[in-house]
Amino acid sequence: MKMPTEINEKRSQIDKIDIKLMDLLVKRMKLSRQIGNIKKNLNIGYKDVEREKLILRNLKERYSEHLSNDEITSFFKTIFDLSIKNQK
């Protein structure tokens, strides 16, 4: 079955957003590696639970009309885990 044009157009928009998301994730991971190097030199632990809580709280306040708290938490826990891996 051929997909309706409207679906294909929406998917094309999603594809463009996905590329932008990945570009931003790459930038975030580069910064995480730089932070990891600084933390290593200062002998500071990689995981900062208080910072993660602050980020989640701010994002939930800003985006709760569009996404559930669980969706925001799930998405950013994955990003936090990737960031910590990149810092090591």
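Hi everyone, let's start with a pair of helices. In this predicted model, helix α2, residues 49-63, and helix α3 have axes that come within 10 Å and cross at roughly 145°. The crossing of α2 past α3 is right-handed.

So who touches whom here? On the α2 side, the contacts come from Glu52, Ile55, Leu56, Leu59, Lys60 and Tyr63.

Helix α1 covers residues 5-42, and α3 covers residues 69-87. How far apart are the axes of α1 and α3? They lie 7 Å apart, and the packing angle is about 50°. That angle makes α1 oblique to α3. Here too we have a right-handed crossing, with α1 passing α3.

The contact list for this pair has Arg28, Met29, Ser32, Arg33, Ile35, Gly36 and Lys39 on α1. They meet Ile79, Phe80, Leu82, Ser83, Asn86 and Gln87 on α3.

Last stop, the surface. Which residues make the nonpolar patch? Those are Ile38, Leu42 and Ile44, and their patch is about 300 Å². Ile38 brings us back to α1, the helix it lies in.

How values were computed. Residues are numbered from 1 along each chain as its sequence is written. This is a predicted model: local features need pLDDT of at least 70, side-chain atom pairs count only at pLDDT 80 or more; totals for chains, interfaces and linings use all residues. Side-chain values use heavy atoms; hydrogens and water are left out. Patches are made of residues with over 30% relative accessible area and no salt bridge: like charges are joined within 9 Å, nonpolar side chains (Val, Leu, Ile, Met, Phe, Trp, Tyr) within 5 Å. Accessible areas come from the Shrake-Rupley method with a 1.4 Å probe; for residues, only the protein chains shown count as cover. A salt bridge is a side-chain nitrogen of Lys or Arg within 4 Å of a carboxyl oxygen of Asp or Glu. Helices (H or I, at least four residues) and strands (E, at least two) are DSSP runs, numbered from the N terminus. Axes are lines fitted to C-alpha atoms, for helices over the stretch in contact, and angles run from 0 to 180 degrees between N-to-C directions. Angles under 35 degrees count as roughly parallel, over 145 as roughly antiparallel, 65 to 115 as roughly perpendicular and the rest as oblique. A crossing is left-handed if the near helix is turned anticlockwise from the far one by less than a right angle, and right-handed if clockwise. Contact means heavy atoms within 4.5 Å.
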